[in-house]
Amino acid sequence: VTWDFVGSNYLWMPPIMEDPSAVDRCYIGGGGSEGGAHLWHLTAHVLWVGAEEQPFDFSLEEDGVRVSAMEYSPIDPNFRYVLTSNGSFFLSTDAGISWDITPAFEGPHGHYFYGSTIIASPVTFGRVYIAGSGYSNPPVYVSDDHGRTFEEMFDGLPHTLVYEMAITPDDKLLFAATEVGPYVYIRDENRWFDMAAVTAPDQVYWTVDYVAPINTVRFGTYGRGIWDFVIDSTASLPEKEIAALPTEIELNAHPNPFNSRVNIDFDIEDKTSGELKIYDSSGRLVARLYKGIFEAGANSFVWEGKSSAGFELPSGNYLALLVAGETVSHKKIVLLK
């Protein structure tokens, strides 16, 4: 079944949001039967679609302003958020019955085709991320009070267009599909990182989804297909446990400190299974260089200062941890950029 848009004040691809209270209903951000920018509440029937125009006008009677993004809090769906094409942010605490605008705030404007994007944290009630055009202002902002106030959040992210964002269920990683590539915000590092490195295409990234069952972030590009990035484990190794580890096999790292790549070498007496991993200074696993069979004698591996997901890691102290059979050894490595 289909529904014909009413009015003309829509984006080319108007935002759509499921109704959290009913599986056969959704909201679409559009124009109004008599102008303006309204939400439409759609209900799917067997042969037709019912449409109810919501009363609030998000354009505030300003010509050309469109509904650019919508979202609701997964923690309490009564809290709902709307961003317009001119960067105005609106909050509802009663499931869309009434709306309040954030005063004295102009957020990212929406792209004429895709609009902008809103992500509500799945674990921190009140935390909201918004993103859009960042040419003349930061492309991403964050709020911890449902959008009543915002802070800039773009350290490591260029002034560009952010088309879409996705988030992990633990709110530790935030992904952005941008005009200049795929980016990830790591909460523990408090900054953005380029995920493309040298393997993914230098292209516009229009869409992004996080597929939790396979721990994968999936980007759609403009003309270069779909690219998956598998997110490695974030398991950590306690500091006391690191200090107590034996060093029965001598690990060599050269150069150390290093800038772009380091060689990690070691000798073992017998062929055995094992793995070589990299931890950061907080004890968090950031890269798994190898898992399989080590040959007897000399073994050598190269680490380029990147996580297993392919994004650049910051300067700092890291730990190479070797598990070979029942033997565990480690080596401190310093990355300087």
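I began at the hairpin: 4 residues link β3 to β4. I number residues from 1 along each chain as its sequence is written. The model is predicted, so I take local features only at pLDDT of at least 70 and side-chain atom pairs only at pLDDT 80 or more, with totals for chains, interfaces and linings using all residues, and side-chain values use heavy atoms, without hydrogens and water.

I took strands as DSSP runs (E, at least two residues), numbered from the N terminus. I count two strands as paired if DSSP finds at least two bridges between them.

β3 covers residues 38-44. I looked up its neighbours. β4 (residues 49-53) runs antiparallel to β3, with 5 bridges. β2 (residues 25-30) also pairs with β3 in the antiparallel sense, over 6 bridges. I traced Thr 43 both ways: its bridge partners are Arg 25 and, in β4, Gly 50.

Is β3 enclosed or open? It is largely enclosed by the rest of the structure, because 6 of its 7 residues are buried. Buried means under 20% relative accessible area, exposed over 50%, partly exposed in between (1.4 Å probe, protein chains only).

Next, I checked the surface. Trp 12, Met 13 and Tyr 112 make a nonpolar patch with about 410 Å² of accessible area together. Areas are Shrake-Rupley values with a 1.4 Å probe. I found Tyr 112 in the loop between β8 (100-101) and β9 (117-120). Tyr 112 counts as exposed because its relative accessibility is 54%.

Notes
Patch = residues over 30% accessible without salt bridge, like charges linked within 9 Å, V, L, I, M, F, W, Y side chains within 5 Å. Salt bridge = Lys/Arg side-chain N within 4 Å of Asp/Glu carboxyl O.
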